[in-house]
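Q: I'm new to this one, so please pick out one part and take me through it closely. After that, show me a few other spots worth a look.

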Amino acid sequence: MNQLHSFFYYTTTCLICIYLISCGTTEQANDQQEPLNESTPELVEPEAEIVEIERQVPASSDTDIDSLIQSMTLREKIGQLFIVPAYGSFTNSGEMRYQRLKRLVRDYKVGGIIFMQGDVYGQAVMTNRLQELSEIPLWITQDMEFGAAMRVQDATRFTPAMGIAATQNPDNAFLKGKITAREAKALGVHQIFAPVLDVNNNPDNPVINVRSYAGDPETVATFGNYFIRGVESEGVLATAKHFPGHGDTDIDSHLALPTITHKYDRLKNLELVPFRVNIEKGLQSIMSAHIAYPNISENVGMPTTLDKSVLNRLLVDSLGFNGLVVTDGLEMNGISNHYSPGEAVVLALKAGADIMLISPDEPTAIEDVARAVEMGRLTEERIDTSVRKLLNLKKSQNLFNHHEVDIRSLGRKINTLNYQAITNSIARQSLTVLSDQKNILPITEAKFPTILVVTVADDRTGSTGEQLAREIRTYHSRVSYRNIDQRTTEKEKKDILEESRKADLVIIGSFIMVRSHHPIQLPDELREVVMEITGINTPSMLVAYGNPYIVRDLPGVDSQVLAWATDSNQVRQSVPGLFAAAKVGGKLTSEIPGMYSIGDGLQFNHTALRYGMPESVGLQTDSLLQVDEIMQEAINDSVFPGGVVGVMKDGALVWNEGYGYHDYSKTKAVSGSDVYDLASLTKVLSTTTAVMKLVDEGQLALSNKVSEYIPEFKTDEKRDITIEQMLLHTSGLPAFKIYVDKLKTRQEILKAVKNEPLENSPGEVYTYSDLGFILLAEIVEEITGKRIDRYIRDTFFIPMGMNSTHFTPRQAGNWLLQRIPPTEIDEVYNRGIVQGDVHDERAYFMDGVAGHAGLFSSARDIAMFSQMLLNGGTYADRNYLSTEIIKQFTSKQSPINQRAYGWDRKSEGFSTAGSLTSEHSFGHTGFTGTSLWIDPDNNIAIILLTNRTYPDRNLGTGISRIRARIADAVMKSIQPE
């Protein structure tokens with residue numbers, strides 16, 4: 001146990017990170033065939049089977065519990081058994097609510113608090129205020145089934161239990177428990193009321209639903225065990241609920257008393273399994289259910305919480321439980337409608353319960369219990385037994401020595417970036433696709449040019465589900481949004497139906513939440529219009545946020561997806577999987593009768609770009625912030641007026657930041673979405689890629705002679721120049737010629753290039769040449785019948801969704817033009833401020849389209865392109881290039897230097913790829929101050945876009961060092977494994 005404790009302590013701040021991909025060996029990385037598989041990090045090596053729960057117990061204080069009990073009055077001891085509700089938000093000391101709470105703590109000596117809704121600092125302050133009032137330290141408890149954020153605003157929120165089980169990975173339950181406990185401990189919470197060990201085998205259950213792990217008892221037992229282990233590894237007490245099982249009921253015990261008529265044999269083999277397994281493994285605390293079990297009880301109609309024949313005979317005698325028994329809330333109608341506050345507590349104590357949770361009237365109940373002892377209905381020894389359990393727990397938590405919340409530490413302990421990365425990953429893993437009849441997934445703009453998002457909610461806000469539309473717009477440029485709720489008029493419904501007919505895809509987001517006092521199915525008035533939408537010819541998809549059984553209401557939808565919860569983060573993390581931006585592999589853990597069985601769920605690969613945070617791929621934000629310093633220093637030194645840095649790793653764009661301004665007037669700040677003149681990056685993103693495609697298809701061979709396509713090369717000195725030599729810059733052509741001092745048209749320039757004499761014999765000397773790539777683009781046109789700009793957009797950029805990548809961006813419209821910084825003030829050719837037109841003069845006079853320059857793009861689009869290469873040629877499940885052709889074109893091919901075909905490779909000594917990228921890195925730079933470096937060994941792409949040539953191309957001479965420093969800063973941010 002000491003070793004485990006030391007391991008956890010050491011790894012608290014550094015180990016919780018996410019690695020979405022396992023690169024394997026160097027050879028595997030170079031093959032670029034490894035699929036992008038998302039996995040959460042392991043903080044321990046959990047056993048394959050259910051294991052005994054391990055606990056951390058801090059050093060004991062010197063308090064003698066027996067002496068303390070002897071010194072207490074009867075009413076003080078009874079008070080210790082009550083856990084009273086409080087709110088963790090700012091409360092003025094004079095408010096009635098606080099004064100009553102203060103009286104319960106100070107005068108009635110209650111034993112603890114259950115915090116309801118609040119916020120991080122409000123709860124911490126309230127805890128300290130209440131602890132100061134109490135002579136005996138308070139035992140602080142809280143419901144944290146979905147993480148601390150279930151009650152504490154801005155803490156870490158997790159996917160509900162059923163979504164956790166859908167990931168098929170119990171380690172995720174352990175991580176959820178561990179992180180939840182860490183935040184609980186930081187907030188001064190000693191016991192959390194989780195996990196739910198109910199087996200959810202009734203789809204009409206209005207209160208358990210996704211709070212349960214599964215409809216299968218073994219799954220519930222396993223995932224519950226891992227969660228408990230995670231919680232108690234941090235020294236926090238977990239509480240399994242709701243004994244003996246709340247899963248098979250269609251009545252909410254908050255509203256009435258449910259009755260389950262199953263006999264013992266059925267309960268033994270289903271409902272009791274998760275409790276029995278975890279009791280055998282050391283479970284310390286259980287919460288009772290307000291449910292009547294007439295066929296296993298001697299007291300027909302009595303709720304379990306008050307039933308000695310269930311809590312004592314079954315829980316203690318049969319199952320051997322000797323831990324802490326906590327009642328469910330005694331204010332719930334299943335109890336309060338039938339028993340007075342005092343009688344409920346008396347019966348609960350007689351039944352074997354230890355802690356009385358949320359009595360509707362604590363003062364009355366305490367007095368009634370004292371009278372019951374005085375009258376002989378209860379013994380004081382019975383009270384002492386439960387008090388002793390609680391006080392020993394307080395002692396084990398060292399509360400008699402220290403119980404103050406360290407408010408100053410909360411900012412670094414709650415909702416850390418690493419915690420966010422883990423919960424985000426688990427949420428993405430939980431997405432479960434039950435059907436996809438029309439092959440809707442993955443969604444792409446090429447497949448569905450327009451999307452209508454329709455959200456359905458059982459409320460009247462009019463805004464529920466807006467988050468879904470916003471997130472979908474991150475991955476698709478043409479998305480409209482409508483909401484259907486209780487306020488929607490008939491005219492609005494007709495309008496939505498008409499919009500559905502015009503859309504290419506309708507995504508229906510169901511926001512029917514699982515919460516007490518509310519129905520969990522679609523109301524009739526909403527179901528009718530949604531069914532009409534699914535009845536039209538437009539392909540439709542249902543994404544169920546909240547109740548998964550809602551799919552029964554919409555059997556006609558083409559694709560059915562479960563996303564488990566309605567909170568904004570779960571919504572955000574559900575969307576990438578719809579667009580192939582996250583792996584989809586969730587499995588159903590509860591049967592949906594007549595439709596789906598346990599284990600159902602389709603799988604889809606992660607092949608498109610996701611937008612995430614650095615920690616999600618094993619990078620550190622605080623380390624990446626060094627990039628800010630490097631860019632600011634360069635801007636201060638006038639290397640460039642501004643720029644964008646993009647970092648893509650493991651299929652996620654995790655850094656896309658703008659720095660500085662478009663120009664030195666400093667009136668327009670750079671945005672991460674701005675579009676830059678790529679200059680010579682055109683050679684690789686456009687021309688080389690087009691050649692790769694044609695070679696891949698067999699339409700072109702590297703050994704082909706250029707003269708086969710350009711008649712002017714049928715001369716003695718040029719006849720044998722090959723495509724390969726053009727790509728390696730060993731054709732013998734000069735680096736460039738001005739031309740445009742005399743030639744002003746595309747045809748004139750092309751004619752001059754085709755007839756340009758050689759400077760060297762082919763294949764003997766490396767001369768980086770623009771002219772060779774101008775001619776390669778002409779060969780692409782000769783073969784395909786399309787000019788390079790049209791061919792590359794039709795074949796790659798448009799289907800991939802690279803919407804900001806264009807030649808001649810001025811023609812695309814102002815939406816693109818306004819995002820482009822200027823590249824120079826041209827006084828030589830009288831172009832003035834060059835903005836939205838290509839900087840390179842030869843490309844400019846070639847109508848803005850050439851094989852060596854002319855392409856404009858954004859960091860996002862370049863990241864998408866980079867991911868396609870790292871995927872082995874696949875993007876959003878569509879294949880663009882073969883893995884073999886990518887490996888061939890990005891490997892060292894030149895006999896003279898380190899270069900590949902078209903691509904540059906990291907050189908020995910100084911490299912703009914920095915010193916920390918791998919030797920297999922490939923990339924290119926652009927004269928305007930751009931660069932792209934891709935490291936396949938680390939599955940990372942580093943993008944720099946600047947306009948260092950503004951206002952004069954002779955400026956920005958330090959750009960090479962900036963490129964290298966940024967690359968090194970990015971690589972240093974990779975967390976060690």
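A: What you see is a predicted model, where local features need pLDDT of at least 70, side-chain atom pairs count only at pLDDT 80 or more, and totals for chains, interfaces and linings use all residues. Residues are numbered from 1 along each chain as its sequence is written, and side-chain values use heavy atoms, with hydrogens and water left out. Helices (H or I, at least four residues) and strands (E, at least two) are DSSP runs, numbered from the N terminus.

The part to zoom in on is helix H5, which runs over residues 96-106. Its buried residues are Tyr98, Leu101, Leu104 and Val105. Look down the axis of H5 and these buried residues fall within an arc of 120°, so they line one face of the helix. The arc is taken from the directions that lead from the helix axis to the C-beta atoms. The general rule behind this is that an α-helix has 3.6 residues a turn, so residues three or four places apart point the same way. Turn to the other side of H5 and you find Met96 and Arg100 exposed.

In H24 the buried residues are Val627, Ile630, Met631, Ala634 and Ile635. They share one side of H24 because the arc they cover around the axis is only 135°. Over on the other side of H24, Glu629 and Asn636 are exposed. The cover over the buried residues of H24 includes helices H23 (621-624) and H34 (959-972), along with strands S18 (642-649), S19 (652-660) and S30 (940-946).

Keep following the chain past H24 and you meet Ser638, which has a positive phi. Ser638 sits in the loop between H24 and S18, and its phi is near 60°, a positive value in a residue other than glycine. As background, most residues other than glycine have a negative phi, and most peptide bonds are trans. Ser638 counts as partly exposed because its relative accessible area is 37%. Asp877 is another case of a positive phi in a residue other than glycine, this one near 65°. Asp877 lies in the loop between strand S25 (874-875) and strand S26 (878-879), and its 40% relative accessibility is why it counts as partly exposed.

The peptide bonds have something for you as well. Ala194 and Pro195 are joined by a cis peptide bond, with omega about 15°. You'll find Pro195 in the loop between strand S5 (191-192) and helix H9 (217-232). The bond from Phe243 to Pro244 is cis too, with omega near 5°. Pro244 belongs to the loop between strand S7 (240-243) and helix H10 (264-269).

Is Ser285 buried or exposed? Ser285 counts as buried because its relative accessible area is 0%. Its place is in strand S8, residues 285-288. Leaving aside residues up to four places away in sequence, Ser285 touches Gln191, Leu237, Ala238, Thr239, Ala240, Phe321, Leu324 and Val326. With the side chain of Gln191, the side chain of Ser285 makes a polar contact at 3.0 Å. A polar contact is a pair of N or O atoms within 3.5 Å; within protein, one must be able to donate a hydrogen and the other to accept it, and residues adjacent in sequence count only if both atoms are side-chain atoms. The Ser285 side chain also reaches the backbone oxygen of Leu324, at 3.3 Å. Leu324 is 39 residues from Ser285 in sequence, yet the two are 4.6 Å apart in space, C-alpha to C-alpha.

Ser574 is buried, with a relative accessible area of 2%. Its side chain reaches the backbone oxygen of Val571 at 2.7 Å. Setting aside residues up to four places away in sequence, Ser574 touches Leu431, Tyr545 and Ala563.

Notes: Buried < 20%, exposed > 50% of the residue type's maximum accessible area, 1.4 Å probe, protein only. Contact = heavy atoms within 4.5 Å.
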